[in-house]
Amino acid sequence: MPDIDQTDRMILSILQREGRITNLELSDRIGLSPTATSERTRRLLQDGLITGFGARVDPHRLGLGLLVFVEVLLDKTTPDVFGRFAEAVSRAPEVLECHMVAGGFDYLVKTRVRDMAAYRRFLGDVLLGLPGVRETRTYAVMEEVKSDAPLPL
């Protein structure tokens, strides 16, 4: 664990849940002056513990109702194949997350699209054309039980 104290943990916990909280309200909740709170938050940003701020957007309201996880198996497990795949998948806007994993496949890809027809287009036009892809397995999400959870501090 990085060198952070309980106050830093409180700041991180609150900001994960309420990113738009004012510095004044944050300082009241953690029991520090606004200046001290601002300095701590700035340090957490500079140290890379806070990686950014953003809005959570409802994907369904944007017409992106289908969440899909895809297991990707590469044809070779060499550094150059991993590198070419990682570089190419990073450029695909439909890909929300991509993780190299240990186990029976190489990458787990999380994507969000309009519907199954859009997913089939993405699979055929994008994913299967990425460098080194030998095989995929698709898991369409039927219900999102928990998402966007803050990290336990």
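Are Phe85 and Tyr107 buried or exposed? Both residues are buried, where buried means under 20% relative accessible area, exposed means over 50%, and partly exposed lies in between, with a 1.4 Å probe and protein chains only.

Before we look around, a word on the model. This is a predicted model, in which local features need pLDDT of at least 70 and side-chain atom pairs count only at pLDDT 80 or more, while totals for chains, interfaces and linings use all residues. Residues are numbered from 1 along each chain as its sequence is written, and side-chain values use heavy atoms, leaving out hydrogens and water.

**The sheet**

Let us start with the strands. Helices (H or I, at least four residues) and strands (E, at least two) are DSSP runs, numbered from the N terminus. Four strands form an open sheet in the order 2-3-1-4, with antiparallel pairing; two strands pair if DSSP finds at least two bridges between them. Strand 2 (95–100) and strand 4 (133–140) are at the edges with a single partner strand each, so one side of each has no neighbour in the sheet.

Strand 3 (residues 107–113) pairs with strand 1 (residues 66–74) over seven bridges in the antiparallel sense. Within strand 3, Arg112 is the bridge partner of Leu67. Strand 3 also pairs with strand 2, again antiparallel, over five bridges, and here Leu108 of strand 3 is the bridge partner of His99. Strands 2 and 3 form a hairpin with six residues between them. In its turn, Gly103 has a positive phi of about 135 degrees.

**The aromatic cluster**

Now to the rings. The whole structure holds three aromatic pairs. Rings of Phe, Tyr and Trp (its six-membered ring) pair if their centres lie within 6.5 Å; planes under 30 degrees apart count as stacked, over 60 as edge-to-face and the rest as tilted. Two of these pairs are set out here:

| Pair | Centres apart | Planes | Type |
|---|---|---|---|
| Phe82 and Tyr107 | 6.0 Å | 70 degrees | edge-to-face |
| Phe85 and Tyr107 | 4.4 Å | 35 degrees | tilted |

Phe82 lies in helix 4 (residues 79–90) and Tyr107 in strand 3, so this pair links distant parts of the chain, 25 residues apart. Phe85 is in helix 4 too, so its pair with Tyr107 ties together parts 22 residues apart in sequence. Phe82 counts as buried at 19% relative accessibility, and Tyr107 is buried with a relative accessible area of 5%. Through these ring pairs, Phe82, Phe85 and Tyr107 are linked into a cluster.
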